[in-house]
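Hello,

Here is the structure I promised to pass on to you. Please have a look at it first, and then read on for what turned up.

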Amino acid sequence: MTTINTPFEEIVRSRRSMRRYDQTVSYDKSIVKKSLELAMLSPNSSNMQLWEFYRVTSDEAKKNIAHFCLDQNTAKTASELVVFVARPDHVKRSIQHNLDLVNDENSFEKKSHRERRRTYYSKTMPMFYSNDFMFIFSLLKKLFVTLIGMKKPMVREVTAINKKVTIHKSVALAAQTFMLAVKSYGYDTCPLEGFDSKRIKKYLGLPKAAEINMVITVGKGTEEGIWYPQKRYDYDVVVKEV
């Protein structure tokens with residue numbers, strides 16, 4: 001069997017979480033813009049795009065955000081940091097954006113498809129992303145799908161907690177695209193979950209409803225920035241064929 005190494009495979013295999021960056025080399029800020037533009041093309045649930053990306057570039061901002069990231073070396077030595085944010089409070093805007101796309105006269109969709117999507121965004125999406133006082137509506141939706149699910153396949157993840165998970169999954173997909181894009185331009189990244197989300201939100205002026213998905217550091221990697229060999233489970237341990 002012939003092994004073919006594609007450019008994409010090279011990028012995936014060479015991407016590592018970088019714990020220390022080279023602060024002596026020049027840094028091209030444009031690659032972050034290009035990488036974020038690619039990240040915005042990532043698959044996301046129902047094209048809702050409930051995300052925002054905050055570029056931290058000034059010396060003062062980098063120092064503060066690095067401190068909120070528990071003063072990790074990857075944050076303190078990064079040329080730039082990007083904060084990936086989930087925005088469940090932008091649901092109405094996203095629904096309207098998609099309805100505008102459906103109603104656009106230049107849309108290439110068939111009329112039947114447009115009618116289906118119009119109903120989806122005007123009825124289904126508001127119900128799924130509705131506010132939920134004391135989880136009462138979540139319980140009602142859960143009961144409803146359980147009853148329907150007794151007779152036919154049904155989406156089961158309809159609660160307020162499921163809604164948050166759905167949004168964060170979409171943001172995480174964008175984050176992965178971003179990291180691979182940065183690597184393709186010859187730079188390195190490191191995704192962080194060790195940070196003070198409350199302080200970062202306050203510093204960025206984010207509302208209470210916004211949630212930090214992750215902070216990604218960016219820069220030119222160093223040999224000492226890779227702490228250990230990359231090890232993963234064997235294929236047969238995690239891949240199951242049905």
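The protein chain has 10 helices and 4 strands. Please keep in mind that this is a predicted model. Read from the N terminus, the elements follow the order α-α-β-α-α-β-α-α-α-α-β-α-β-α. Of the 242 residues in the chain, 40% are buried. If you take the contacts between residues at least 6 apart in sequence, 77% of them join residues at least 24 apart. The accessible surface of the chain is about 15,800 Å², and carbon and sulfur atoms account for 57% of that.

As a reminder, an α-helix has 3.6 residues a turn, so residues three or four places apart point the same way. Just after α3 comes Leu70, which has a positive phi of about 65°.

Next, the aromatic rings. The whole structure contains 7 aromatic pairs. One of them is formed by Phe68 and Tyr203, an edge-to-face pair with 6.0 Å between the centres and 70° between the planes. Since Phe68 lies in helix α3 and Tyr203 in helix α9, the pair ties together parts that are 135 residues apart in sequence. Are the two partners buried or exposed? Phe68 counts as buried, at 13% relative accessibility, while Tyr203 is partly exposed, with a relative accessible area of 35%. Elsewhere, ring pairs link Trp51, Phe53, Phe84 and Phe178 into a cluster.

Met127, Phe133, Met134, Ile136, Phe137 and Leu140 make a nonpolar patch of about 680 Å². Helix α7 (residues 136-149) gives the largest share of this patch, with 3 residues. Met127, for its part, sits in helix α6 (residues 111-128).

I look forward to hearing your thoughts.

Best wishes

Terms used
Residues are numbered from 1 along each chain as its sequence is written. This is a predicted model: local features need pLDDT of at least 70, side-chain atom pairs count only at pLDDT 80 or more; totals for chains, interfaces and linings use all residues. Side-chain values use heavy atoms; hydrogens and water are left out. Helices (H or I, at least four residues) and strands (E, at least two) are DSSP runs, numbered from the N terminus. Patches are made of residues with over 30% relative accessible area and no salt bridge: like charges are joined within 9 Å, nonpolar side chains (Val, Leu, Ile, Met, Phe, Trp, Tyr) within 5 Å. Accessible areas come from the Shrake-Rupley method with a 1.4 Å probe; for residues, only the protein chains shown count as cover. A salt bridge is a side-chain nitrogen of Lys or Arg within 4 Å of a carboxyl oxygen of Asp or Glu. Rings of Phe, Tyr and Trp (its six-membered ring) pair if their centres lie within 6.5 Å; planes under 30 degrees apart count as stacked, over 60 as edge-to-face and the rest as tilted. Buried means under 20% relative accessible area, exposed over 50%, partly exposed in between (1.4 Å probe, protein chains only). Contact means heavy atoms within 4.5 Å.
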